[in-house]
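Subject: Handing over a structure, with notes on what was found

Dear colleague,

I am passing this structure on to you, and I would be grateful if you kept it open beside you while reading the notes that follow.

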Amino acid sequence: QVQPVESGGSAVQAGGSLRLSCSAPGFKSKTYYMGWFRQAPGKQREAVACIYSFSGTTYDSNSVKGRFTVSRVGAEDMVYLQMNNLKPEDSAMYYCAATRPEPPRNACLDRTTYEYWGQGTRVTVSA
C-alpha cells in the first residue's frame, strides 16, 4: 500500500499532548521522505516536520520546534508525530505524506516534493 493513512487526531485543551500515527508506504527502498503537514481553514498547507526514512534524520518547522517530534518505527513502517504543549494555533487538519524513493536532496519540508497524501486527521486545540 502506497497511500499513507493517518490517525490520532482529536480535540484537546491547550498545553495537552497528542500523538499522530501514519502508515508508511511499503517501498522496498527506504530512501524516501515522510512528512507531516497541516492546513487550517483559510490558510495554505504548511510543513510541520519530516523524516528521511533511510537514516532517520528529522527536520522541524520553526513553528513547532521543541514541541513536536517526528519519529519512525522501521520494522512496522509507521511514522509518528508527537505533539506536546499544544496551542490553539496548532488546530488544523494534519496530513501525512510520502515521496517516491530517491527524492531531491534538502527538500524534506517542501510539500511539492510529496506525491502520496493521506486523507488527514483533525486536531482541535481549545484555549
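Before the sheet is described, one definition is needed: two strands are said to pair if DSSP finds at least two bridges between them. Please also keep in mind throughout that this is a predicted model.

The open sheet

With that definition in hand, an open sheet of 4 strands can be described, in which the order is β1-β3-β8-β7 and the pairing is antiparallel. The edges are taken by β1 (5–7) and β7 (68–73), and because each has a single partner strand, one side of each is left without a neighbour in the sheet. From one strand to the next, the twist averages 20°. Where β1 meets β3, the two strands pair in the antiparallel sense over 3 bridges, and S7 stands opposite S21 in β3.

Strand β4 and its partners

Which strands pair with β4, and in what sense? On the one hand, β4 pairs with β5 in the antiparallel sense over 6 bridges; on the other, 6 bridges join β4 to β9, and these two strands also run antiparallel. Strand β4 (residues 33–39) is mostly covered, with 6 of its 7 residues buried.

How many disulfides does the structure hold? There are 2 disulfides, and a disulfide is, in general, a covalent bond between the sulfur atoms of two cysteines. When the bonded cysteines are counted along the chain, the disulfides follow the pattern 1-3, 2-4.

One of them joins C22 to C96, with an S to S distance of 1.9 Å. This pair links distant parts of the chain, as C22 belongs to strand β3 (residues 18–23) and C96 to strand β9 (residues 92–98), 74 residues apart. The torsion about the S-S bond of C22 and C96 is about -80°, and the disulfide is therefore left-handed. Are these cysteines buried or exposed? C22 is buried, with a relative accessible area of 0%, and C96 is buried as well, with a relative accessible area of 1%.

The other disulfide is formed by C50 and C108, whose sulfur atoms are 2.0 Å apart. Here too the pair links distant parts of the chain: C50 is in strand β5 (residues 46–52), while C108 is in the loop between β9 and β10 (116–117), and the two are 58 residues apart. C50 is buried, with a relative accessible area of 0%, and C108 is likewise buried, with a relative accessible area of 3%.

A tyrosine in the loop between β9 and β10

The loop that holds C108 is also where Y114 is found. Y114 has a relative accessible area of 6%, and because buried means under 20%, Y114 counts as buried. What is Y114 in contact with, once its neighbours within four places in sequence are left aside? Its contacts include Y33, M34, G35 and F37, together with A97, A98 and T99, and among them are also C50 and C108, the two cysteines that form a disulfide with each other. Y114 and C96 are 18 residues apart in sequence, and their C-alpha atoms are 9.7 Å apart in space.

Two residues with a positive phi

N85 has a phi near 50°, a positive value in a residue other than glycine, and its place is in the loop between β8 (78–83) and β9. E102 also has a positive phi, of about 60°, although it is not a glycine, and E102 is placed in the loop between β9 and β10. As for accessibility, N85 is partly exposed, with a relative accessible area of 43%, whereas E102, at 60% relative accessibility, counts as exposed.

With kind regards

Definitions and conventions. Residues numbered from 1 in each chain as written. Predicted model: local features only at pLDDT ≥ 70, side-chain atom pairs only at ≥ 80, totals over all residues. Heavy atoms only, no water. Disulfide = S-S within 2.5 Å. Buried < 20%, exposed > 50% of the residue type's maximum accessible area, 1.4 Å probe, protein only. Axes fitted to C-alpha atoms, helices over the stretch in contact; angles between N-to-C directions. Contact = heavy atoms within 4.5 Å.
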